[in-house]
Amino acid sequence: MGAKDGVAVDQISEKKRGKNKLKSKKKAEDVVDGTAMDDMSDRKRGKNKVKSKKQEAEEHEEQLKRLKETQAEFFEYMKEHDEDLLKFDAAEFEDDDADVDAETDLEDTEKQEGVDETSKLEVAKKVNEQKTITAAMVDSWCKLIREDAKLGAVRSILRAYRTACHYGDDTGDDPSAKFSVMSSAVFNKIMIFVLSEMDGILRKLLRLPATGGMKDTIMELTNTRPWKNYNHLVKSYLGNSLHVLNQMTDQGMISFTLRRLKHSSVFLSAFPSLLRKYIKVALHFWGTGSSSISVVSLLFLRDLCIRLGTDCVDDCIKGMYKAYVLNCQFVNAVKLQHISFLGNCFIELLGTDISASYQHAFVFIRQLAMILREALNTKTKEAFRKVYQWKFIHCLELWTGAVCSYSSQSELRPVAYPLAQIISGVARLVPTARYIPLRLRCVSMLNRIAASTGTFIPVSMLLMDMLDMKELNRPPTGGVGKGVDLRTLLKVSKPAVKTRAFQEACVYSVVEELVEHLTQWSYSVAFFELSSIPTLRLRSFYKSTKAERFRKEMKQLISQIEANSEFVNKKRASVGFQPNEPAAASFLEDEKKAGESPLSQYAVIIRQRAKQRNESLVESDVIVGEDSAVFGKNAPSSDEEEDEADRNEKGAAAFSSSWLPGSDSKEKEAEEEEEKTKKKKRKRKSQAEKKQVEEGAGEDDVVEDFVLSSDEEDDLFDIEGDKDEDDDDDVDEDAADEIAEPETKTSKKTKGTYKTWHKNYKKTKNKKKKARVA
């Protein structure tokens, strides 16, 4: 009995255990069902919360309307002190809810479990269709924006614009991206509409004027409600535009994009990081692009400096000066015109803030003075090369142009004196005949400074010293020789010094510069005294030279100087003031306006003759500095006045190709490989073949990838890259003969940053020297 009772008890306990297990399973299922219900309820609550935003906005708007009737005094008080709170628009919350609902529904459908394979394929097709941007979608967004000013359409077109700007980026399959696929026609349509219309749309949303604006306006706007609601749209537009601008290669696209972004440049004051990047990109296009891109880049930078003030003036001036110096690294006849154009652009930018320009002018001119002082103290080949190179001379011409352009401004006049002292020191550094072209350039710069500032600079002695050189008084032993264009040279070769063409070019150029100098003071009460010594030196050259053509030239010049002295002496014999009195400044003022002096009339003839002689020397149609662009203060006005039809036409012309961002990477790799093979072939050529190539080279020198470094101050006048290989075999006793000929060097097109190119150039130079020693 006891055993049976024990078995019965065990069976009863097992049944109870089974029931308890069933109960625990039911409880677990109930918990799972409860959590599932909670998840469903949370989703519904989330949707209700999203929907309640619109309802709350509408209720708030109705309360504001009722406030005017129920509490009129409080309404008037709010209107006077904080009117923005009363300008509440519930329509702003309308389209966002629909977008959020669509996205949440899409996420719910993608996260469902237990769906059949056919349903999964259908969902994938719908997602792909949703991510594909079509022309119809773009047209519908544009229509909604133009007709109804729908905020949802603005957000959609900006999302599409972001997709277009980042098209081709290696981001992988991002399921969160709403749009990812488009054609080239859709890309062009999006770019044209956004670049043409987005500036006006953003200004309407932010309640700004249709055009213009300054930094103070944007700073005040950042504290308002519209800016807090829509600043992310502004940042998206500017950031995506910057991204696609870095990938563009077509000149028309770059010009149109920069021209349209110039209207929105004032918004960059609220985004300092974007501002620095835009300045860097614009400087890159200005320094390495063609003339049209350089003009558009200059207008963009100039507009930034005017609207944002000191935030970007310093960076723009420093960056443009560095880019200008690097463009002067190598020079040929064609490159000189481009350098003159870049110099005019830089001078135009200086006019946006004269006080800041003076500070930079002082620093850079002081740098030139320190280089000259080092050459005077050490008197070594390396020190002389730093002075007698194109970079240094073009920097002197750049600041000469700046002083002459803004001579009426009191800020830049103080730098005229140290600049004139540096130029005089450069002209006297190595007084030999081979450097007559460089000395004539210095004299021309001094004449320009004297004419613009009204200051007397004694340049006649520099010119007379050239006539006393033995190379100009001996008969030419090198034959007639080829025509020498002194404007494109800093130094001539030894055989060219002995030719008749060189002697004629030097003598005629000296006469032209002396006439320019004396003409400036042909109405001075002290003309007789300041012209007496040059007249004696000219008589000495007239007696020493045996060339009849030079004697005839000197005789005519001396007669004109004497006639002008008689003209001035007759007028000053009847005056009663002393030369140091203020009345002497108005002496012969009426005659000066009429140009009645003999030297003024003779100068007109000399200028015409010089122009004809220079044109006969130029084989092509390029006249250096003659047709350089000159910008006025109202240059951007024509761009601001263009209507919608003009914008659309220009946009259609710019974005008419099948180009897409990221589509030309393979082409760039192929070009780099071709350039590498070309470089290897060039290294195998002999030195004689290289000279022939350099003499016939006519292409423009370009550093294709120019990267500015604002963190470190590199030596802009490093002379390692300007050395000539033939100088080591051609060393004379004179210091002038120890200096390289930088103007005969032509550069090869290279890719990569300037620093990497410079290192590679040094390596190749060292290899050639080692091979020569062996």
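Does Lys379 count as buried or exposed, or what is its class at 59% relative accessibility? Lys379 counts as exposed, at 59% relative accessibility. Exposed means over 50% relative accessible area, buried under 20%, and partly exposed in between (1.4 Å probe, protein chains only).

## Basis

This is a predicted model, in which local features need pLDDT of at least 70, side-chain atom pairs count only at pLDDT 80 or more, and totals for chains, interfaces and linings use all residues. Residues are numbered from 1 along each chain as its sequence is written, and side-chain values use heavy atoms, with hydrogens and water left out.

## Helix 5

Helix 5 spans residues 135-148, 14 residues in total. Helices are DSSP runs (H or I, at least four residues), numbered from the N terminus. From first C-alpha to last, helix 5 reaches 19 Å, close to the 20 Å expected at 1.5 Å a residue. That expected span is 1.5 Å times one less than the number of residues.

Val138, Trp141, Cys142 and Ile145 are buried in helix 5. They lie on the same side of helix 5 because they cover an arc of only 95° around the axis. The arc is taken from the directions from the helix axis to the C-beta atoms. Helix 6 (151-165) and helix 7 (184-205) are among the elements covering these buried residues. Contact here means heavy atoms within 4.5 Å. The face turned away from the buried side carries exposed Ala136, Lys143 and Glu147.

## Two positive phi values

Most residues other than glycine have a negative phi. Ala149 has a positive phi near 55°. Ala149 sits in the loop between helix 5 and helix 6. Ala149 is exposed, with a relative accessible area of 59%.

Lys379 also has a positive phi, near 55°. Its place is the loop between helix 15 (354-378) and helix 16 (381-387).
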